[in-house]
Amino acid sequence: MDNNSIGYRVLNLRKKKQLTQKELAEKVHVTEATMSRYENNLREPKGEIINRIALALNTTTDYLLGRSNNSLPIRELDDNKSIDVDLDTFIKKLEEVDGLKFHGELIDEQTRSIILKTIIHAREIAEEMHGNKVNLTKQ
């Protein structure tokens, strides 16, 4: 299968998100058989379906269509999300989710612990630096 095809990209992201074909089909409001046809490049999804797939997989339509190799969505300027929110979400996921993978391989508990401690430490440093910056501007 061509790894630049929409089917390959949908299949790859679905597996990374640990979704079944049925779960993704339900999120996109198509049948499981239709989703299978998309993933196997037997059928090309129409524009609205591509949008729904992108939303369900938290990616961009450009990635799905092969116009970009970056599967991460770009934030809108008015999104108002901060990196601290993202770090908190990531930390929570590391703490709570079993079966996490890195490059497709399950990570063991020691690796998870090291990653978690590193991210928490990085967040603490960022908070401290931000606090110092705020204090400097108040003086």
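**View 1. Ser5, a buried residue in the segment before H1**. Ser5 has a relative accessibility of 12% and therefore counts as buried (under 20% relative accessible area; exposed is over 50%, partly exposed in between; 1.4 Å probe, protein chains only). A polar atom of the Ser5 side chain lies 3.1 Å from the backbone nitrogen of Tyr8. The model is predicted: local features need pLDDT of at least 70, side-chain atom pairs count only at pLDDT 80 or more, and totals for chains, interfaces and linings use all residues. Residues are numbered from 1 along each chain as its sequence is written, and side-chain values use heavy atoms, with hydrogens and water left out.

**View 2. The largest nonpolar core, of 17 residues**. A nonpolar core is a set of buried Ala, Val, Leu, Ile, Met, Phe, Trp, Tyr and Cys residues joined through side-chain atoms within 4.5 Å. Val10, Met35, Ile53 and Leu64 touch the most other members. At least two residues each come from H1 (6-16), H2 (21-28), H3 (32-39), H4 (47-56) and H5 (61-64); H4 gives the largest share, four residues. Helices are DSSP runs (H or I, at least four residues), numbered from the N terminus.

**View 3. Contacts of Met35**. Neighbours within four places in sequence aside, Met35 is in contact (heavy atoms within 4.5 Å) with Val10, Gln21, Leu24, Ala25, Val28, Val30 and Ile53. Another core, of five residues, lies apart from the largest one and includes Ile91, Leu94, Leu100 and Ile119.

**View 4. Ile115 in helix H7 (residues 109-138)**. Ile115 is partly exposed, at 27% relative accessible area. Beyond four places in sequence, Ile115 is in contact with Leu94 and Ile107. Ile91 is 24 residues from Ile115 in sequence and 9.3 Å from Ile115 in space, C-alpha to C-alpha.

Notes: Polar contact = N/O pair within 3.5 Å; in protein donor to acceptor, adjacent residues only side chain to side chain.
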